[in-house]
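Take a look at the model below.

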Amino acid sequence: MVAHRGASHELAEHTLGAYLAALDEGADGLECDVRLTADGHLVCVHDRDLRRTAANRGLVSTMELADLSELDFAAWKNPWADLDDEAPDEDETLRGVLTLRKLLETVADYDRRVEVAIETKHPTRYGGLVEKRLVDMLRDFGWDQAGAPVRVMSFSFTALQRVERLAPEVRLVQLLDKPNYWPMLRRVIGRDWIVGPGIRMLREHPRVGESIARGGREIHVWTVNQEEDLERCLDLGVTAVISDRPRLMLDLLDQRFPADQ
């Protein structure tokens, strides 16, 4: 069970607070999106601009990390929190911009193995520099080798090719959200690449999921938040489910596969 941007149903996505909550809930893995700042830092932010998550009109790619660090990335999730006089004071480090390095350090220091699924966002003004910086960071952790607890995901086939050239042993996930792309992609993606279809596509075009499964590909599905969608994934033999609600999904799996059986 992989937490999509952390426990993002309850807490603000991509904040350290959301990721720590997901780990406390028992998530096996964490998913994040990464973008490059103007001064070369990889940060965990989904959108190219900051209007939705930080009430700022700036672009991640044109701002420096110090500027991003001044913003509150959690207020949008619970805009009335300041009116609750009885709410406990919250650690500000859990609310600010999260660098990929900090997230990886948190995972490396955790008391059990935790997988990290890192999505590079495209198009971007920095092109292949994003993947280069990402691979450099994975090397810093010794996670560019087989058996490392990381995988790199992207909708961009070209971006994944870059990672494959730079770090051939890193696992790759070709994300997929349009059924008409699959006939072409299945002919060109690497033999060991994982396929990552969206749950909406699997609902609306079940034959595509069946085709992927018949091809013997490992399948990771995003973003699964409902019981019927989890059942669909289990029927397909999906090996990783990415969810905004990791605790709910884990509870449903426990009900389906009780530990004492």
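## A pocket in the model

A pocket is an open set of grid points with protein on both sides within 12 Å along at least five of seven lines. The model here is predicted. Its second largest pocket has a volume of about 200 Å³. Rolling a probe the size of a water molecule over the atoms shows where empty space is left.

Which residues line this second largest pocket? Leu16 is one of them, and Ser69, Glu70 and Leu71 also belong to the lining. So do Glu92, Thr93, Arg95, Gly96, Val97, Leu98, Thr99 and Lys102. By class, the lining splits into 4 nonpolar, 4 polar and 4 charged residues.

Strand β5 covers residues 150-154. Is this strand mostly covered or mostly open? It is mostly covered, with 5 of its 5 residues buried. Val150, Val152 and Ser154 point one way from β5. Arg151 and Met153 point the other way, and these are buried too.

Strand β4 (residues 115-120) pairs with β5 in the parallel sense, over 4 bridges. Ile118 has Val152 of β5 as its bridge partner. Between β4 and β5, the chain passes through helix α5 (residues 129-140). This β-α-β crossover is right-handed.

Strand β6 (residues 171-176) also pairs with β5. The sense is parallel, and there are 4 bridges. Arg151 stands opposite Arg171 in β6.

Strand β9 (residues 240-243) is covered on both faces. Ala240 and Ile242 are buried on one side. Val241 and Ser243 are buried on the other.

Which residue of β9 is the bridge partner of Val2? The partner is Ile242. Strands β1 and β9 run parallel, and 2 bridges join them. Strand β8 pairs with β9 as well, in the parallel sense over 2 bridges. There, His220 stands opposite Ala240 of β9. The chain crosses from β8 through α10 to β9, and this β-α-β crossover is right-handed.

Most residues other than glycine have a negative phi, and most peptide bonds are trans.

Two peptide bonds are cis. The bond from His122 to Pro123 is cis, with omega near 0°. Pro123 sits in the loop between β4 and α5. The bond from Trp222 to Thr223 is cis, with omega near -25°. Thr223 lies in the loop between β8 (220-221) and α10 (227-236).

Now turn to phi. His14 is not a glycine, yet its phi is positive, near 65°. His14 is found in the loop between β1 (2-4) and α1 (16-24). Ala55 is not a glycine either, and has a positive phi of about 50°. Ala55 is in the loop between α2 (51-54) and α3 (65-68).

Why does His14 count as buried? Buried means under 20% relative accessible area. His14 has a relative accessible area of 4%, so it is buried. Why does Ala55 count as exposed? Exposed means over 50%. Ala55 is at 76% relative accessibility, so it counts as exposed.

Definitions and conventions: Residues are numbered from 1 along each chain as its sequence is written. This is a predicted model: local features need pLDDT of at least 70, side-chain atom pairs count only at pLDDT 80 or more; totals for chains, interfaces and linings use all residues. Side-chain values use heavy atoms; hydrogens and water are left out. On a 1 Å grid over the protein atoms alone, a cavity is a set of points where a 1.4 Å probe fits but cannot get out, and a pocket is an open set with protein on both sides within 12 Å along at least five of seven lines; lining residues have an atom within 4 Å of a point. Grid points are joined across faces, edges and corners, and a volume is the space filled by probe spheres set on the points. Ala, Val, Leu, Ile, Met, Phe, Trp, Tyr, Cys and Pro count as nonpolar, Asp, Glu, Lys and Arg as charged, and the others, Gly among them, as polar. Buried means under 20% relative accessible area, exposed over 50%, partly exposed in between (1.4 Å probe, protein chains only). Two strands pair if DSSP finds at least two bridges between them. A crossover is right-handed if, with the strands pointing away from the viewer, the path from the first strand over the helix to the second runs clockwise.
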